[in-house]
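Have the structure open as you read.

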Amino acid sequence: MPYPHNLSTAKQVEAIVRAEGATPATVGVIEGKVHVGLSSQELERLAVCKSSLKVSHRDLPYVTGKGLTGGTTVSATMMAAHRAGIHVFVTGGIGGVHRGGENSLDISADLTELGRTPIAVVSAGVKSILDIGRTLEFLETQGVCVATYGPSRSFPAFFSPQSGFTSPCQVGNPEEAAALIACALSLDVQSGVLLAVPIPEEQAAAGQLIEAAIQAALSEASAKGITGRDVTPFILQMVNELTEGKSLLANIALIHNNAKVGGQIACALSKQMTARRSRGNTHQRRKPPPDPEIVVIGGINVDFIAKGKTKELLFGRTNAGSVCQSFGGVGRNIADSLSRLGRSPLFISATGADSHSQAVLKYCKHMDTSGVLRIAEQNTATYCAVINESGELSLGLGDMEVHQQITEQYVSQFEKQLLSATLVCLDGNIPVPTIDYVCSITGRHNINVWYEPTDSDKASKPFLSDAWKSLSYSSPNMAELCTMNKTLGFPTPDVLPNSLEEMLSVAVALSRPLLEHVHCLVVTLGAGGVLVCGERDAGSVNLQPRKQKRKRQLCAVHYPALTVTAEETMNVSGAGDSLAGALMAGILQQRDTDSCVRMGLLAARLSLASSHPISPTLTSDSVDPNKAPQYWPKPRFIGIN
């Protein structure tokens with residue numbers, strides 16, 4: 001479709017899907033990155049790009065490897081949508097067996113993709129320039145369920161409601177279509193469903209006129225030697241010219257109609273799958289669980305911790321040490337900590353559907369993991385940390401690709417829980433568009449968000465846009481705090497200080513610009529303790545969730561760390577997450593700032609001395625400052641101008 005019709009149609013289709021209550025996610029490839037969901041700027045960029053390619057399944061490795069841009073065909077879009085956990089895909093028409101395909105073997109990859117990818121494709125049938133009869137035969141061979149949507153079983157021919165062929169199945173409304181898709185998914189047949197939606201009669205172009213134009217275009221293509229992927233765009237362009245634009249108008253009309261029907265089917269499918277899960281999880285009527293007080297969105301990993309027996313590890317050879325497996329991921333760790341401290345957070349994440357996933361979810365049975373998406377074609381995230389005798393990290397390796405599946409589209413399914421929460425926690429593993437989406441809706445509804453940066457590379461994510469202005473809390477270390485400032489264009493030191501006094505001075509200076517919008521920063525200083533920066537309140541920092549932004553006096557309070565010897569240190573991967581989780585628990589209990597921070601310090605010490613990122617011995621009593629036999633030095637107050 002030529003510009004600007006392609007751009008306006010894409011925007012109209014997204015608006016139609018939203019109007020039906022579903023969430024649209026346009027698919028495309030931009031500079032080698034497959035996008036499931038495009039912003040307005042990305043849509044326009046793709047629409048006007050003169051070097052844009054037509055990207056089929058086979059082209060994805062080349063296009064992504066070369067960093068190229070293109071629009072995805074049905075086959076490539078199906079694959080991307082399935083990887084993102086989407087069950088319904090709307091298009092104009094699918095490819096098929098080309099006329100003369102019995103000799104040329106020119107068969108669209110759309111058909112083989114339908115035979116191996118479990119997703120429902122809503123289209124106006126097979127493009128009318130193709131051999132519809134042979135296409136239906138090929139789909140039968142591939143095991144694809146084909147159904148006409150509407151009162152008739154007549155299979156549509158793109159521009160015409162009738163093709164002269166009938167579908168093996170028929171569904172009359174969104175609920176019947178959704179039931180068909182749900183059954184296909186539950187049977188795990190590993191093939192798609194093709195729902196053929198006839199173009200509305202009143203909008204269909206004159207069949208004889210378009211068919212005559214198609215025949216003329218086919219003859220012209222043959223005479224010019226046009227073959228393969230170039231045939232379809234050539235014929236559609238020529239048909240549009242011969243029909244004086246009537247075929248383009250009909251094309252747009254059928255796409256609009258497919259979008260409306262697809263949105264209705266997607267909503268019906270969501271309701272039916274929710275009902276099925278509900279029936280599968282209970283044998284008697286029970287009250288629905290209350291909305292969670294806190295929602296955590298982030299990574300879930302299987303961790304392997306290798307600890308050497310010497311202070312210096314020698315790379316390139318085997319070092320003596322011990323190796324243990326545990327379950328981590330920043331988001332998982334924080335949700336685990338909160339769960340052990342008597343809160344009931346909803347945890348949203350993504351894993352593969354493999355043995356690692358089974359093991360970690362079994363370990364997390366004390367948590368609410370109903371928001372964890374399991375994806376058959378992905379590996380569960382794994383992380384390997386090599387630490388020396390003193391517990392310092394020497395090397396870390398991670399396979400975190402599955403965390404890119406924690407998409408805006410997936411998280412939006414939990415919008416009701418997000419909007420009812422007192423606190424939402426995000427970790428830096430999740431994609432930038434997901435962070436932007438959560439910050440957008442929580443910002444509009446004045447819901448407090450805690451950002452745990454994860455590492456210095458990922459710390460920048462909310463600060464790439466105005467999303468950071470919706471954050472209430474963040475818990476960076478010094479390197480992550482530098483990244484946040486650098487992303488916003490503020491000056492940062494070339495080298496981080498070593499002495500405690502210099503660290504406190506630099507941490508206060510780096511925190512100051514962020515506190516223009518962020519309610520409170522908890523800066524972790526390693527062995528130097530914790531610096532809490534925020535609104536001054538009775539000689540301390542006000543940690544309680546804010547109800548609205550206002551002008552305020554600022555200050556910082558420094559809390560020394562609790563001593564943990566090198567011999568006691570078993571694991572350094574969860575101390576910061578334990579600190580953050582216990583701090584959140586204290587805030588939700590409306591404890592004073594000193595008590596909240598001391599809960600966090602006690603939880604961090606338990607983590608350091610445990611082989612697990614979150615100590616299994618973590619309980620509300622074990623981190624209660626009033627019950628722990630511990631000398632607490634007086635916190636140091638620091639004013640901020």
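## Helix α1

In α1, the buried residues are Leu 7, Thr 9, Ala 10, Val 13, Glu 14, Ile 16 and Val 17, where buried means under 20% relative accessible area, exposed over 50% and partly exposed in between (1.4 Å probe, protein chains only). An α-helix has 3.6 residues a turn, so residues three or four places apart point the same way.

The helix covers residues 5-19, and its 15 residues reach 21 Å from first C-alpha to last, close to the 21 Å expected at 1.5 Å a residue. That expected span is 1.5 Å times one less than the number of residues. Just after α1, Gly 21 takes a positive phi of about 100°. Helices here (H or I, at least four residues) and strands (E, at least two) are DSSP runs, numbered from the N terminus.

## A word on the model

This is a predicted model, so local features need pLDDT of at least 70 and side-chain atom pairs count only at pLDDT 80 or more, while totals for chains, interfaces and linings use all residues. Residues are numbered from 1 along each chain as its sequence is written, and side-chain values use heavy atoms, with hydrogens and water left out.

α12 is mostly covered, with 10 of its 11 residues buried. Among them are Arg 332 and Asp 336, along with Val 330, Ile 334 and Leu 338. Just after α12, Gly 342 has a positive phi of about 90°.

α20 is mostly covered too: 13 of its 16 residues are buried. At 1.5 Å a residue those 16 residues should span 22 Å, and the end C-alpha atoms sit 23 Å apart, which agrees. At the start of α20, a side-chain oxygen of Asp 592 comes to within 3.1 Å of the backbone nitrogen of Asp 594.

## Thr 351 in β13

Thr 351 belongs to strand β13 (residues 346-352). Buried or exposed? Thr 351 is buried, because its relative accessible area is 0%. Leaving out residues up to four places away in sequence, Thr 351 touches Ile 300, Ser 357, Val 372, Leu 373, Arg 374, Ile 375, Thr 380 and Val 402; contact means heavy atoms within 4.5 Å.

## The second largest pocket

The second largest pocket holds about 1600 Å³ of space. Of the 50 residues lining it, the closest to the centre are Asn 477, Gly 526, Val 572, Ala 575 and Gly 576. On a 1 Å grid over the protein atoms alone, a pocket is an open set of points with protein on both sides within 12 Å along at least five of seven lines, a cavity is a set where a 1.4 Å probe fits but cannot get out, and lining residues have an atom within 4 Å of a point.

Elements that each supply at least two lining residues include α12 (330-340), α17 (478-487), α19 (575-588) and α20 (593-608). By class, the pocket lining has 24 nonpolar, 18 polar and eight charged residues. Ala, Val, Leu, Ile, Met, Phe, Trp, Tyr, Cys and Pro count as nonpolar, Asp, Glu, Lys and Arg as charged, and the others, Gly among them, as polar.

## Closed cavities

How many cavities of 30 Å³ or more are there? The count comes to two. A volume is the space filled by probe spheres set on grid points, which are joined across faces, edges and corners.

The largest cavity has a volume of about 60 Å³. Helix α8 (residues 174-187) gives the largest share of its lining, three residues, and the lining divides into eight nonpolar, three polar and no charged. The second largest cavity has about 30 Å³ and is lined by Tyr 559, Pro 560, Arg 598, Leu 601, Trp 632, Pro 633 and Pro 635.

Conventions. Polar contact = N/O pair within 3.5 Å; in protein donor to acceptor, adjacent residues only side chain to side chain.
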